[in-house]
Amino acid sequence: MPEPILDIRGLEKTYKGGVQALKGVDLTIRRGEIFALLGPNGAGKTTLIGATCGLVNPTGGSIEAFGLDTRKHWREVRARIGLVPQELATDMFDKVIRQVRYSRGMFGLKPDEARIEEVLKALSLWDKRDAAIRELSGGMKRRVMIAKALAHDPELLFLDEPTAGVDVELRRDMWKQIDALRARGTTIILTTHYIEEAQEMADRVGVINKGEILLVDDKDAIMAQLGSTEAHFTLESALADIPAPLAQYPLHLEDDGKRLVYRGGDGTGAGKREVADLAKLLVQQQIAFTGIETRESTLEDIFVGLLEDRQEVAA
Amino acid sequence: MSSYMNWRGAYAILRNELLRFFRTAFGSIVSPVLTTSLYFIVFGSAIGSRMAEVNGVPYGAFIVPGLLMLTLLAESTSNASFGIYMPKFTGAIYELLSAPVGVAETVIGFVGAAALKSLIISAIILVTATLFVDYSIAHPVLALGYIVLVAAAFSLFGFLLGLWADGFEKLSIIPMLVLTPLTFLGGTFYSVDMLDEPWGTLVQVNPVFYLVNGLRWTFTGQSDVPIALAFGMTLAFVALCVATIAWIFKTGWRLRE
Ligand SMILES: Nc1ncnc2c1ncn2[C@@H]1O[C@H](COP(=O)(O)OP(=O)(O)O)[C@@H](O)[C@H]1O
Ligand SMILES: [Mg+2]
């Protein structure tokens, strides 16, 4: 395996108030990959990023980026890392292009108008370059934050919840931007609490909860392991047993046979497809139903599942 | 240990701060100029015309360095404190903390810009003063040096204040409760021998007293205290601010979690 771009060992962070946000995290990121850190609010994602980027002083463990210790070689390391924070935090009264120039300068690079233009164009901000940032929409503001983080051509980019609170259309747009970055060879670590996002974007996924990494694996492996779909068919008349033609599906009856329940699939959408097939089959079999309710497993369900698995292993 | 200095980073911060100043230049310049003009009208022209000379200096000219000091202290402190407080308030500080800039670059950028702003305002005030009173500067080079030193010292002080403050009230309360009284009681409008005891003695524990007298000496050649003492006190204040800042950054106090 080539040398990792980021190597985190036993990282711990206890905040002054006593909250233990990271409990000995080990994580290795490969050069060129898109890594999604998936976890609910309060899992420690932002703290992990903060510790790597210099915003948070770790209380234990070590972090190496580009083979350099981030504390000892903080200047070299920081010059090569970009950070897009969770919040839209910048001087809102300033113009777009000025803020991007400012970021480049702060990271020690000499002015390069051609490069600034390139970054702004790539993010469709060029036409807005002289606008005050506060006049832009939320999605555009977030792009300004990305442009600032890219102004010094970082090799490693952190995106903290790039699509939190962003509507579906903008989210897809953001995914395209991230894809374009990958094409340039930038290594990207993004955090999210949307399974769908990890699924759409990442090469590998790490699941974090309560300051601990629960598992790290290739996206496809994780998705197959994680997700599930639950569908409830409300039947017109009660069934005594599951009819034979439906036996291949993970089904059972509830509510005295009036409700047919499907529980299966994985995080890759297989469940949804099976439910659709099942609906067709019910029609063919002339089993009338008056309603279908489906529900994808949430991140919470997944964590509960993962923790249960762990406890079984431990027991 | 990384040791090289990120000069471009320091310059970028300084430039950004100055651009912010010019963006709101009208307000930033008009308000101190207006305030000082009012002082000149009231104390310089209206009252000053009925006042005797102070140690051979006409009262109007006597108060020029004092008023300049008043503005210099207030502007340096508020410019620098707001300069560093704003990114803390908006969260934009994240960028500074994640950038390859250390204490030196941050201080040069923010304090340098705040001091430069004060110097610009000082120049404007000195020009404005010529409209109201006749004055001359006895030691122009030393006067400039002194103004620069005081601007730097109080910009450092303001920077500390901005680092320490966790709300807008704290930003304004120190200047209001500490700086303004010290300036008014620091010999801005009078010579120490115009004061009765115990005030004449008490004033000598007021650091601003030395600043005002140091600057007055460069303007009029007159000072209530030995000039070496005035300069020494000013330098000691700068040193104290620098040391405190270095300590704060070492411990990451209130900036890094
Ligand atoms: N500055 C702070 N001071 C004290 N506790 C904090 C601070 N920042 C975060 N925490 C706590 O640390 C835990 C992890 O937070 P965070 O890293 O922001 O999680 P995430 O980004 O995954 O939502 C939470 O319990 C949070 O309340
Ligand atoms: Mg977070």
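Predicted model: local features only at pLDDT ≥ 70, side-chain atom pairs only at ≥ 80, totals over all residues.
**View 1. A salt bridge within chain A, between Glu33(A) and Arg204(A).** The side chains of these two residues meet at 2.7 Å, taken from N to O. Glu33(A) belongs to the loop that runs between strand E2 (20-29) and strand E3 (34-38) of chain A, while Arg204(A) belongs to strand E9 (residues 204-209) of chain A, so the pair ties together parts that are 171 residues apart in sequence.

**View 2. The interface of chain B and chain A, seen as contacts and buried area.** On the side of chain B, 29 residues are in contact with 33 residues of chain A, and the two chains bury about 2900 Å² between them, with 52% of this area on carbon and sulfur atoms. Within chain B, the residues that lose the most area to chain A are Tyr94(B), Glu95(B) and Glu257(B), which together account for 23% of what that side buries.

**View 3. Salt bridges and polar contacts across the interface of chain B and chain A.** The count of salt bridges between the two chains is 4, and in one between Arg23(B) and Asp94(A) the side chains meet at 3.5 Å, N to O. Side chains of opposite charge can pair when their charged atoms come close. Across this interface the rule also finds 12 residue pairs in polar contact, with both residues of each pair at pLDDT 80 or more. Helix H1 (7-23) and helix H4 (93-98) of chain B each supply at least two residues of the side that touches chain A, and the largest share of that side, 8 residues, comes from H1(B). Sorted by class, the side of chain B that touches chain A has 13 nonpolar, 9 polar and 7 charged residues.

**View 4. The packing of helix H3 (residues 59-90) of chain B with helix H6 (residues 140-164) of chain B.** The two helices pack at an angle of about 35°, and their axes are 7 Å apart. The crossing in which H3(B) passes H6(B) is right-handed. Sorted by class, the contact of H3(B) with H6(B) has 17 nonpolar, 6 polar and 1 charged residues.

How values were computed:
Residues numbered from 1 in each chain as written. Chains lettered and ligands numbered in written order. Heavy atoms only, no water. Contact = heavy atoms within 4.5 Å. Buried area = accessible area lost by both parts, 1.4 Å probe. Polar contact = N/O pair within 3.5 Å; in protein donor to acceptor, adjacent residues only side chain to side chain. Helix = DSSP H or I, 4+ residues; strand = E, 2+ residues; numbered from the N terminus. Nonpolar A, V, L, I, M, F, W, Y, C, P; charged D, E, K, R; others polar. Axes fitted to C-alpha atoms, helices over the stretch in contact; angles between N-to-C directions. Left-handed = near helix turned anticlockwise from the far one by under 90°.
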